[in-house]
Amino acid sequence: MIRFNLVLLFFLLPFLVFGKGENKIFPYKINQVTLDNGLKIISVPFPSPGIVAYYTVVRAGSRNEIEPGLSGFAHFFEHMMFRGTEKYNKDKYNDILKMIGADNNAFTTDDYTAYHTVASSAELETIMDIESDRFMNLKYSEEDFKTEAGAILGEYNKNFSSPFMTIYEKLREAAYDKHTYKHTTMGFLKDILDMPNQYEYSLKFFDRWYRPENCAVIVVGDFNQEKLIELAKKYYGSWKRGSYTLNVPLDPPQKKEKIVNLTWKAKTLPIVAIGYRGPAFSTEQKDMLTMDIISQLVFSQTSPLYTKLVIEKQWVEFIEGSQSDSRDPGLFTIFTRIKDPQNIETVKKEIYTALEDIKNNPVSEEKLATVKSYLKYSFAMSLNNADVVASKLSHYYQLTGDPESINKVYELYEKITPEDIMEIAKKYFTNENRTVVTLVQEGLGNEKY
Amino acid sequence: MKNIKNLIQTLFIAGIIMSNIHCAKSPEITELYQSESPLITFRIQINAGSINDPQGKEGLNALTALTIGQGGTKELTYQQVLDKLYPWAASINPQVDKEVTVFIGEVHKDHLDEFYKILSELVINPRFDEADFQRSKDLLLNHIKNTLRGTDDENLGKQALNAFMYEEHPYRTTEIGTVQGLEAITLQDVKDYHKKVYTKDNIKVGIAGGYPKSLLDKIKSDFAQLPSGKIAPVNLPQPKEIKDMEILFVEKPARGTAISMGFPIPITRKDKDYYALMVANSYFGEHRTFNGVLMNRLRGDRGLNYGDYSYIEHFIQDGGSRFQLPNNPRRQQYFSIWIRPVQPENAHFAIRNAMYELKKLVENGLTPEQFEMTRKFLINYSKLWVQTTSRRLGYQMDSEFYGTEFFIDSIEKELKALKVEDVNNAIKKYLSAENIKVAVVANDAATLMDAMFNNAPSPIKYASPVSQNILDEDKIIENFPLKINKEKSKLVKVDELFEK
């Protein structure tokens, strides 16, 4: 027998019971305190002895990049946040993280940016000190700014060696006219190349969005709630509110199918991406959550379409279709990689037929129950460490401003009926609401795409 | 920083929980019991990997694993298996490497019995449908022919380095084989391989979570149905000696230039010096952090690319985390530097910059302060590598492979005993800034090869000005001499790689 002197994170008894009405899917208590300046401190005690996950969520992502020529800035700014302050320059900031052995990084999405650290609970005050400092007092030189632009181009180069990034970029560009979801989080290449010239805008970006009323600090793990709030007041209390209001231009409904054909110089199998303009996230309206269920019914590994295309006919390597949660109306996106260029049109037709089927034939209650079971179990099984829990809370907080949305989502899933599914499918999966991008390898004689 | 305490102390006080590991014979079982965990993880490890592929059938180990892991049982078709697993959100995933193959299963304990039956049946009595075999074969072939050769330059660079570093060595192929090898494999080959290799003496079953103890007896009796017999261990010769810088230029259409470089090292986790070298490596290039010299000099100061890291063993990132994927242990390891894609015009400079920094590391080692800080970091950071029972189980099984204590415990024990001299001696003993292999994936590889063969100056091209001290150092780097072994270097078209 070996005895381990290590932290263990599994004490998840509460999530053994769910689906009984009054039980919430999220088995932990969510504390919420709003400081005078509007900053939300959201905390969840979680059985991760000695470990705490610390997220700072800024409700600004590439959706906020409303000025032409400045796409990709939310992501660029995420990089700049590691460039230091007067109190802790970037080397000192890194040295502190190194000393405490922290796991630290950040990511940017369409709607938000999250800065995350996992470390010893004993270092909570240290983390709060360095994190609050950079959110309130970030300071970088124009030279640092320009150098970091090189890293962004490097990231673009890294990502775009894959045709999936290219096809996804073109799909969004075609599907939207005005809305900022037109560009990916990376931004358009021409804007990335121009980033070194936008130092002044970067300061403006920080001034607009990195404000307490637009942010939340999310702490999950082993900590003392009273002490946490005391520290939050001490370190974030002087952070000043902002005043900027965002007006994202909304697109009118799509009137006509859009087609884009691309070629790829290196080796690739044909890839097809199909986008349908879908709903925005909501815990009140059923649309978005019904789209999640449709995604499972039509594209999961147990769907008739998957069975036919992947397992029986073996025409495609994989197929998937889903819509990510988004604050404004997002895109339901279908991706498939087709083994033989001859089958491109056949596969597209199969996809359209499957979507017609979901519009016109009610799904059985039994099948619907398996989907709801899948959604619940996959969520519950994912909550296996403090970092994941903090990440899930961040996601739902940024969508609505309320982390309790996490529970509302799973309550609403329960209420979705076969009729809802047909109705929502008819609403969004129409020909005129569709954008289709097809990518094939250059020089193989099938460049009609 | 007066408020920075020793993380380890904190973790120990807060988190002492008993875990039991015990082993039994045929099949061996590695157990990590946690009564309150409703998530059950299985890691069924087959002690065979791509090194066991027969000549001419390279890929047989991987194709067998995939046909099993994404196939049916004698009772259930693949589709029926998927239908069963779906409402439970349970998963079964095969993972292949050079020396071991693992089937990772995860399920909520509500469905443990039914899930275990499917998982064990898949491994013990796989269905081996022709359709499952064909689909798996297509998937692996397409991965090499299209994904690796066409759409994933970073992994292409890493696999190209592997092929170059381990020429004529059992590690030489990708973990999923070669194009011609895979094409030659029949379903009968797969069935025969399963019969020969998936024996009760070749399998170790890892299980973690709050399972009933009676399950262990069931595992033992079920897997005892498998035939007996151990496969003969594959002899691993010393990899070819490297003389000066040997470069493999891989030409393909590419936006950026991807670079991987390295050389085999004769130590693994079982060796004391591994832990000394671990400190040096963390200081030089800790994966996806801003701790490392490489990251700070190449990306931080110069914005050359997205990231620059180094490793002293084969390293695969676990999903979106920054931590290493467990269950790919190897008897032989290698040191490597990963330079993520750079602008083509800066590729020569980037290689020089990395070599310039490596030379400084080899010549100067770490200062006592750098040593202390890095050691402390690693002791604390490594505790975060096992935040889930699944990962902990994987690391435990790896520790058993290497014949060591639990790896995370070994790190703490060995690092605490280290002195800066140990680290600097290990650097001198195992690292070289002269004899190294480089794989470069480039759009215009021929031009880069000419420039490198001629040792031409390679001034960095900045999009915008940088400070004078960096420009001064650039002057040294752009002329930093690289002693290139032209005879051993070569340029290949991407389609020539991983062919046979």
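## Open sheet of chain A

In chain A, five strands make up an open sheet of mixed pairing, ordered 7-11-8-10-9. From one strand to the next the twist averages 10 degrees. Strands here are DSSP runs of E with at least two residues, helices are runs of H or I with at least four, and both are numbered from the N terminus. Two strands count as paired if DSSP finds at least two bridges between them. For angles, axes are lines fitted to C-alpha atoms, for helices over the stretch in contact, and values run from 0 to 180 degrees between N-to-C directions.

Strand 8 (residues 271–277) and strand 10 (residues 331–338) of chain A run antiparallel and are joined by seven bridges. G275(A) has T333(A) as its bridge partner in strand 10 of chain A. Strands of a sheet pair through backbone hydrogen bonds, in either a parallel or an antiparallel way.

## Basis of the model

The model is predicted: local features need pLDDT of at least 70, side-chain atom pairs count only at pLDDT 80 or more, and totals for chains, interfaces and linings use all residues. Residues are numbered from 1 along each chain as its sequence is written, and chains are lettered from A and ligands numbered from 1 in the order in which they are written.

## Chain A as a whole

Chain A contains 15 helices and eleven strands. Its C-alpha atoms fill a box of roughly 60 × 55 × 50 Å along the principal axes.

Of the 449 residues in chain A, 53% are buried. A residue is buried with 20 or more other C-beta atoms within 10 Å of its own, exposed with 12 or fewer, and partly exposed in between, the C-beta atoms being placed from the backbone. Among contacts in chain A between residues at least 6 apart in sequence, 79% link residues at least 24 apart; a contact requires C-beta atoms, placed from the backbone, within 7 Å.

## Domains of chain A

Chain A is assigned domain 1 (25–236) and domain 2 (258–441), with bounds from an automatic or database domain assignment. Their centres, taken over C-alpha atoms, are 28 Å apart. The contact takes 37 residues from domain 1 and 35 residues from domain 2 of chain A.

On the domain 1 side, the elements that each supply at least two residues include strand 2 (40–45), strand 3 (51–58) and helix 5 (163–175) of chain A. Helix 5 of chain A gives the most to this side, with ten residues.

## Positive phi in two loops

Q314(A), a residue other than glycine, has a positive phi near 55 degrees. Q314(A) sits in the loop between helix 10 (304–312) and strand 9 of chain A, and is partly exposed, with 16 other C-beta atoms within 10 Å.

In chain B, N455(B) has a positive phi of about 50 degrees, although it is not a glycine. The loop holding N455(B) lies between helix 17 (445–453) and helix 18 (468–477) of chain B. N455(B) is partly exposed, with 15 other C-beta atoms within 10 Å.

Key:
Two residues are in contact if their C-beta atoms, placed from the backbone, lie within 7 Å.
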